[in-house]
Amino acid sequence: MADSISTKPEEFTTVIGPDAQFKGELTFQGAVRVDGQFEGSIQTSGKVFVSKGGKLKAEVKSGSVALEGQVDGNLTADDRVELRATAQLRGDVRAAKLLVVEGASFVGRCEVGPNLGAPGAPATRPADGVARPAAPPVAAARH
Amino acid sequence: MAVRHILCTQCDLPLDVDETAKSVNCRHCNTRVITEAMVVAEYVAVRRFATANRMRITKKGIVYAAVRADALEVEGVLQGDVVSLSSIRIAKSAQVKGSLRGASLSLEPGATFVGDVAIGPEQVPRAEPTVDGALAREAAAREAAGR
């Protein structure tokens with residue numbers, strides 16, 4: 001799957017192990033893998049990966065996010081957010097691209113589209129620019 | 001007669017319908033339920049736009065409605081709340097605004113979507129055989145085995 005976030009172990013400079021619990025603010029440049037429990041906030045230009053046993057209760061701002069575990073919190077990604085089959089997300093997503101694989105669970109608000117994930121992206125929502133009907137909506141024949 | 005198990009798009013109760021049927025009257029709530037697949041390539045503005053089958057809104061389709069379908073594909077414009085019993089696919093050319101509820105969601109890179117999301121197998125009811133339908137099938141199977 002070339003068009004997905006790579007989660008090879010050697011790519012992660014920071015790893016929160018399966019038996020670790022971390023509370024606080026994490027700011028760094030590289031990639032983080034969460035196998036344990038994390039509570040707080042994460043800010044990175046790299047990627048965040050929450051593995052199958054990982055639990056995250058955090059506000060995340062990152063380059064990309066891949067989820068296999070449980071997340072309670074809002075995600076903002078410059079590029080891509082991936083919810084894999086075992087992922088459970090409760091929170092809002094703001095990203096340029098979103099992938100939700102069958103089996104994943106996601107409840108929250110979502111803003112996805114080109115330029116939406118980038119920091120400092122315009123607050124206007126592209127979908128607001130959707131051409132409104134010129135005439136008042138008329139009931140179509142179909143129902 | 002091939003039978004399809006569907007849920008009434010109005011009351012969510014199970015119905016067994018012929019695979020070739022284009023619409024049926026729900027025996028629970030007496031609403032007319034469209035059961036044919038829909039391809040929307042026009043402007044549609046209604047309160048509710050529902051089918052107990054697949055719905056595809058093509059690039060030319062512009063829909064302002066609450067949409068309900070068994071599976072939904074959007075390539076055009078959709079504004080309204082969506083319930084899809086299985087998958088929701090939002091293509092790269094699509095612009096969607098509203099809430100989405102479905103078993104799975106696929107958003108192609110380039111697609112624009114703003115709204116609330118409730119995605120997961122537990123978020124939607126499942127279409128299962130009705131008791132009457134299951135009994136009838138069991139009887140038919142017994143009869144066939146007895147021959």
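How many bridges join β8(B) to strand β11 (residues 82-90) of chain B, and do they run parallel or antiparallel? Three bridges join the two strands, which run parallel.

## Basis of the model

This is a predicted model, in which local features need pLDDT of at least 70 and side-chain atom pairs count only at pLDDT 80 or more, while totals for chains, interfaces and linings use all residues. Residues are numbered from 1 along each chain as its sequence is written, chains are lettered from A and ligands numbered from 1 in the order in which they are written, and side-chain values use heavy atoms, with hydrogens and water left out.

## Chain A overall

Chain A has 11 strands and zero helices (DSSP runs numbered from the N terminus: E, at least two residues, for strands; H or I, at least four, for helices). Of its 143 residues, 45% are buried (buried is under 20% relative accessible area, exposed over 50%, partly exposed in between, with a 1.4 Å probe and protein chains only).

The accessible surface of chain A is about 7,400 Å², and carbon and sulfur atoms hold 51% of it (Shrake-Rupley method, 1.4 Å probe; for residues, only the protein chains shown count as cover). Among contacts (heavy atoms within 4.5 Å) between residues at least 6 apart in sequence, 10% join residues at least 24 apart.

## Strand β8 of chain B

Strand β8 of chain B covers residues 62-69, and six of its eight residues are buried. Two strands pair if DSSP finds at least two bridges between them. Strand β6 (residues 43-50) of chain B runs parallel to β8(B), with six bridges; here Phe49(B) has Val67(B) as its bridge partner. Val67(B) also has a bridge partner in β11(B), namely Val82(B).

Strand β10 (residues 77-79) of chain B is joined to β8(B) by three bridges, again in parallel. In this pairing Tyr64(B) stands opposite Gln79(B).

## Salt bridges

Over all chains there are 14 salt bridges (a side-chain nitrogen of Lys or Arg within 4 Å of a carboxyl oxygen of Asp or Glu). In chain A, Lys97(A) and Asp79(A) form one, with the closest N and O atoms 3.6 Å apart. Lys97(A) lies in strand β10 (residues 93-100) and Asp79(A) in strand β8 (residues 75-83) of chain A, so the pair ties together parts 18 residues apart in sequence. Arg80(A) and Glu82(A) form another, at 3.1 Å; Arg80(A) is buried at 8%, and Glu82(A) is buried at 1%.

In chain B, Asp12(B) and Arg68(B) form a salt bridge at 2.8 Å. Asp12(B) lies in the loop between β1 (3-7) and β2 (14-18) and Arg68(B) in β8(B), so parts 56 residues apart in sequence are tied together. Asp12(B) is partly exposed at 33%, whereas Arg68(B) is buried at 6%.
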